Amino acid sequence: MTSSDTTDPTADPDDEGFGLYVHWPWCLSKCPYCDFNSHVIADPDHAAWARAYVRELDTLAAMEAMDPAAPATRRPLTSVFFGGGTPSLMAPGTVAAVLDAAARHWPLADDLEVTLEANPGAVDRARFTALRAAGVGRLSLGVQALDDAALRFLGRRHDAGEALAALDLARAVFPRVSLDLIYARPGQTPDAWAAELDRALGFAPDHLSLYQLTIEKGTAFFAAHRDGAFALPDEDTAADLFDLTRETTAAAGLPAYETSNHARPGAACRHNLVYWRGGDYVGLGPGAHGRLGGVATRTIAAPAGWLAQVAREGHGLQARTPLSPPDRAVELLMMGLRLTEGIHAARFERLSGLPLADALDPAGLATMIDLGFVTRDGPWLRATAEGQTRLDAVLAHIAA
Amino acid sequence: MTDLSHIRNFAIIAHIDHGKSTLADRMIQMCGGLDDREMKEQVLDSMDIERERGITIKAQTVRLTWQAADGQTYAINLMDTPGHVDFSYEVSRSLAACEGALLVVDASQGVEAQTLANVYLALENDLEIVPVLNKIDLPAAEPERIKEQIEDVIGIDASDALMISAKTGQGVPEVLEALVKRLPPPQGEVDNPPKALLVDSWYDPYLGVITLVRVIDGTFRKGMKMRMMRTEAVHPIDKVGMFTPKLVETESLSAGEMGFIMAGIKSVADTQVGDTLTDDRKPCETPLPGFRPSVPVVWCGLFPVDTSDFETLRDSLAKLRLNDASFEFQMETSAALGFGFRCGFLGLLHMEIIQERLTREFDLDLITTAPSVVYKMHLTNGEYLELHNPADMPDPVLIDSIEEPWVKATIIVPDEYLGPVLKLCTERRGIQLDLTYAGARAMAVYKLPLNEIVFDFYDRLKSISRGYASFDYDMDEYTESDLVKVSILVNNEPVDALAFVAHRTQADFRGRQICERLKDLIPRHMFKIPLQAAIGGRVIARETISAMRKDVTAKCYGGDVSRKRKLLEKQKEGKKKMRQFGKVEIPQSAFIEALRMKEG
């Protein structure tokens with residue numbers, strides 16, 4: 001089995017897909033590890049948000065259509081991803097309105113993937129059913145841990161029982177369900193993580209996102225960690241946990257197709273593959289990033305500021321930055337090597353305008369190949385399993 | 001021209017933070033030298049580094065005009081002297097320009113080693129010492145105890161010490177009065193041929209070199225052809241004048257006065273501290289005594305992090321030397337670090353100052369190698385050479401004998417910390433010459449090899465005494481010693497910039513320590529790295545840096561890419577700050593940090 005099989009049987013080096021990311025910034029509470037653009041609100045004005053999303057999407061689509069670099073015929077939209085924040089708090093009508101608007105602007109791929117992130121604490125059957133009816137086909141459930149003490153440490157509003165109930169419900173309603181777990185938590189031993197991961201695999205998911213806990217600036221954990229309130233596992237333990245995760249998921253039939261993502265063959269998240277393969281995506285909502293024809297877009301992050309500008313100008317864009325070929329090349333390297341399938345040289349050159357060889361430091365690459373962290377396999381440049389574990393260092397060596 | 005009887009020239013001797021600058025500021029204010037608006041904290045120390053570190057590097061003079069109680073007006077010249085052991089020669093020349101000195105002692109802290117050294121310099125120059133106890137307004141002040149200490153430790157009468165608070169101004173007019181009454185007026189003959197002591201000099205980009213002088217005899221005026229007797233250079237005088245502290249041009253400078261002379265001099269290397277100035281047409285007979293050309297005692301390598309900065313470094317060093325002729329530099333090639341310069345300094349502070357100025361004023365990123373002293377090598381073939389760089393040490397079989405420089409160090413410390421201080425001196429091969437007590441403080445005098453103190457001795461001393469120990473040293477003699485070169489191998493390759501010279505009895509221990517330190521300083525690589533210390537072919541210590549096992553960003557999706565790309569670019573930028581040795585990257589700071597010894 002080649003590694004491209006493990007990600008997506010339709011992987012085609014001429015097509016990365018085309019996605020729409022929708023950012024919902026609201027949560028019921030802020031988790032201490034989260035550095036995403038999320039804010040706490042009791043009762044957002046759902047109608048206003050729905051109007052603003054549709055308005056911004058209309059504007060962005062018109063901009064894309066006017067771009068001389070845009071394809072002559074509108075390409076099909078292959079994925080939509082509602083992220084946040086806690087998008088399971090969105091009114092199902094808002095989700096439907098965004099999807100309807102998207103369908104007005106782009107042809108929808110037959111196998112359009114629509115993912116929505118949900119928190120176990122903020123769901124019930126009626127809501128799930130309504131979201132499914134609105135068009136959501138894939139639910140990404142932020143379970144984070146299967147241990148009550150760990151969930152409290154992570155500042156989650158749910159306990160393990162609620163998480164499992166939400167999981168059961170999700171599987172009953174949505175054709176595809178993914179679980180998020182956070183591991184390498186303070187004091188977590190390889191044995192404890194192995195047991196937790198086995199339990200998660202016991203629910204027979206077809207997709208798992210397994211993230212090592214990292215401390216980000218601007219979070220409550222940042223200050224607590226700095227002040228010694230807790231310590232993360234050391235490098236060797238973190239490496240053991242990472243290796244253990246890869247071995248266990250592979251043995252269970254969900255090998256890693258990306259650094260932190262594991263799926264049964266064909267069950268990879270197609271939307272995220274757009275990012276990692278360097279495809280175009282529209283970024284909608286406050287603080288959303290987009291990539292369209294080599295231009296990076298970024299909207300105003302503050303929800304109120306975004307709403308106000310959309311009302312005034314039809315979009316919340318704060319910056320449109322053309323990316324130079326070297327910038328694009330670095331992004332493609334950083335993103336592409338996260339994938340088990342690696343980077344396809346032809347795709348790389350088509351998207352960045354630079355031959356892959358020109359984006360690589362020959363000496364650094366040779367060293368990384370010698371040490372067994374990177375391989376060349378025909379058109380593919382790949383990080384090996386050992387290379388994945390040290391990918392940031394590998395990138396620093398091989399990027400020209 | 002002021003009559004000699006109405007001139008007083010004085011310096012202030014004080015330990016850092018005992019209030020020298022505050023007192024000077026207060027006196028300038030009281031004599032109307034600057035109005036309140038012009039007063040900024042610590043008027044005298046004009047370089048950023050001087051202000052931040054609370055030290056004086058360049059001498060300065062300020063002429064104060066004081067209406068004394070006797071109804072007469074006096075010109076009182078304040079000579080602000082450098083206050084650090086590295087500049088003890090410069091200090092001695094500044095003091096030689098004065099007839100008296102205020103000994104300012106913090107009324108709760110007492111006398112420190114550095115103060116002591118400078119008081120002795122003042123006494124050698126026959127200065128009248130006026131003890132002043134500062135900060136008497138603080139609750140912790142113990143003036144009687146400190147007076148006793150001054151008498152015990154320094155051996156001068158402190159019964160009529162002045163009690164002041166430079167901060168509040170209390171007692172400051174009495175200080176000015178005491179200068180008038182207790183200091184002798186300068187000696188000198190206005191009618192003799194001009195003769196002046198060159199106290200210091202600096203380079204001003206607009207005015208050229210400004211020399212600071214104390215006129216002994218005669219008069220210097222504009223247009224006169226001035227001769228510097230040691231360097232034999234002759235320059236026509238453009239301007240003379242004094243500082244109030246503002247620069248004020250005058251017609252002339254005469255016997256007893258202090259001020260500046262500008263004479264179209266291009267480089268301070270032509271103006272050596274301690275030189276004698278005279279009239280080229282009508283010279284004085286003999287130069288002033290006490291002149292000594294400056295000799296660097298501590299050497300280190302300075303290398304640009306970015307090899308393309310080599311020429312910038314050369315230019316920057318040349319520019320700094322325009323203003324400070326006491327440091328030397330010569331090109332050096334290191335297999336590890338490429339092209340750079342071997343630089344010689346008057347001492348450790350001097351070295352730090354130059355490094356800091358290169359970084360700050362010239363925006364250079366530098367790799368500094370371990371400081372080393374000058375060894376005198378006698379070879380078996382009869383040749384003699386002075387070794388400035390451990391990497392250049394000849395093969396041991398060619399060496400007949402090596403001499404190393406020693407210093408005489410004075411340490412003053414509260415007796416509760418004496419034990420660890422004595423232990424430290426012993427560890428550093430010190431030989432005790434004297435140990436005396438005055439009150440609750442001990443004064444230890446040691447002979448120490450300079451190479452044992454050039455690096456972190458002072459830091460260690462401060463740390464084991466909680467900052468209470470004060471330390472000063474004088475160069476002593478060269479003595480034959482059993483020294484070896486220790487090489488450091490990183491990933492089996494010797495790194496010349498890490499080689500050092502140690503006494504044979506200390507080589508194993510130091511080699512082990514450096515390997516342990518490097519293990520912490522060199523980040524994990526993608527492969528394991530052996531570290532070794534060796535004398536010739538014999539390995540005396542080894543450590544291993546294990547390979548990096550994990551370094552990967554957990555989450556990376558669409559929104560993160562730009563930020564992550566910038567992080568990667570920063571990381572690559574950071575790698576430039578590392579030096580590549582074979583396959584190993586060593587952070588630039590490691591070359592110095594590796595030498596820093598652990599506690600114990």
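Q: Which residue stands opposite Val374(A) in β17(A)?
A: In this predicted model, Val374(A) faces Ala383(A) of β17(A).

Q: How many bridges join β16(A) to β17(A), and how do these strands run?
A: Four bridges link β16(A) to β17, which covers residues 380-383 of chain A, and the two strands run antiparallel.

Q: What is the strand order in that sheet?
A: The sheet is open and has three strands in the order β15-β17-β16 (chain A), with antiparallel pairing.

Q: Which strands stand at the edges?
A: β15 (343-344) and β16 (374-377) of chain A do. Each has a single partner strand, so one side of each has no neighbour in the sheet.

Q: Turning to the interface, how many residues does each chain put into the contact?
A: Chain A contributes 44 residues and chain B contributes 25 residues.

Q: What area is buried between chain A and chain B?
A: About 3300 Å² is buried between the two chains, and carbon and sulfur atoms give 57% of that area.

Q: And how many salt bridges are found across the interface of chain A and chain B?
A: The rule finds eight salt bridges there. One pairs Glu235(A) with Arg524(B), whose closest N and O atoms are 3.0 Å apart.

Q: Which elements give two or more residues to the side of chain A that touches chain B?
A: They are the strands β8 (207-212) and β12 (289-292), together with the helices α9 (235-251), α10 (270-277), α12 (325-336), α15 (385-389) and α16 (391-398), of chain A.

Q: How many residue pairs are in polar contact between chain A and chain B?
A: The count is 22 residue pairs, with both residues at pLDDT 80 or more.

Q: Now chain B: which residues does UniProt list for "binding site"?
A: The unreviewed UniProt entry lists Asp17(B), His18(B), Gly19(B), Lys20(B), Ser21(B), Thr22(B), Asn134(B), Lys135(B), Ile136(B) and Asp137(B).

Q: Where is Asp17(B) found, and is Asp17(B) buried or exposed?
A: Asp17(B) lies in the loop between β1 (7-14) and α1 (20-30) of chain B. Its relative accessible area is 62%, so Asp17(B) counts as exposed. Not counting residues up to four places away in sequence, Asp17(B) touches Asp106(B) and Lys135(B); Lys135(B) is itself among the positions in the UniProt list.

Q: What about Thr22(B): where is its place?
A: Thr22(B) belongs to helix α1 of chain B. With a relative accessible area of 26%, Thr22(B) is partly exposed. Its contacts, leaving aside neighbours within four places in sequence, are Ala166(B) and Lys167(B).

Q: Is Asn389(B) buried or exposed?
A: Asn389(B) has a relative accessible area of 7%, which is under 20%, so Asn389(B) is buried. The residue sits in the loop between β23 (384-387) and β24 (399-414) of chain B.

Q: Which residues is Asn389(B) in contact with, leaving aside its neighbours within four places in sequence?
A: Asn389(B) contacts Glu332(B) and Arg342(B). With Glu332(B), the side chains are joined by a polar contact of 2.4 Å.

Q: On backbone geometry, which peptide bond is cis with omega near 5 degrees?
A: The bond from Thr244(B) to Pro245(B) is, and Pro245(B) is in the loop between β12 (239-243) and β13 (247-250) of chain B. The bond from Gly84(A) to Gly85(A) is also cis, with omega near 20 degrees.

Q: What is phi of Glu232(B)?
A: Phi of Glu232(B) is near 60 degrees, a positive value in a residue other than glycine. Glu232(B) counts as exposed, at 62% relative accessibility.

Methods
Residues are numbered from 1 along each chain as its sequence is written. Chains are lettered from A and ligands numbered from 1 in the order in which they are written. This is a predicted model: local features need pLDDT of at least 70, side-chain atom pairs count only at pLDDT 80 or more; totals for chains, interfaces and linings use all residues. Side-chain values use heavy atoms; hydrogens and water are left out. UniProt positions are given in the numbering used here, feature names are shortened, and annotations may be inferred rather than shown by experiment. Buried means under 20% relative accessible area, exposed over 50%, partly exposed in between (1.4 Å probe, protein chains only). Contact means heavy atoms within 4.5 Å. Two strands pair if DSSP finds at least two bridges between them. Buried area is the accessible area (1.4 Å probe) that two parts lose on being put together, summed over both. A salt bridge is a side-chain nitrogen of Lys or Arg within 4 Å of a carboxyl oxygen of Asp or Glu. A polar contact is a pair of N or O atoms within 3.5 Å; within protein, one must be able to donate a hydrogen and the other to accept it, and residues adjacent in sequence count only if both atoms are side-chain atoms.
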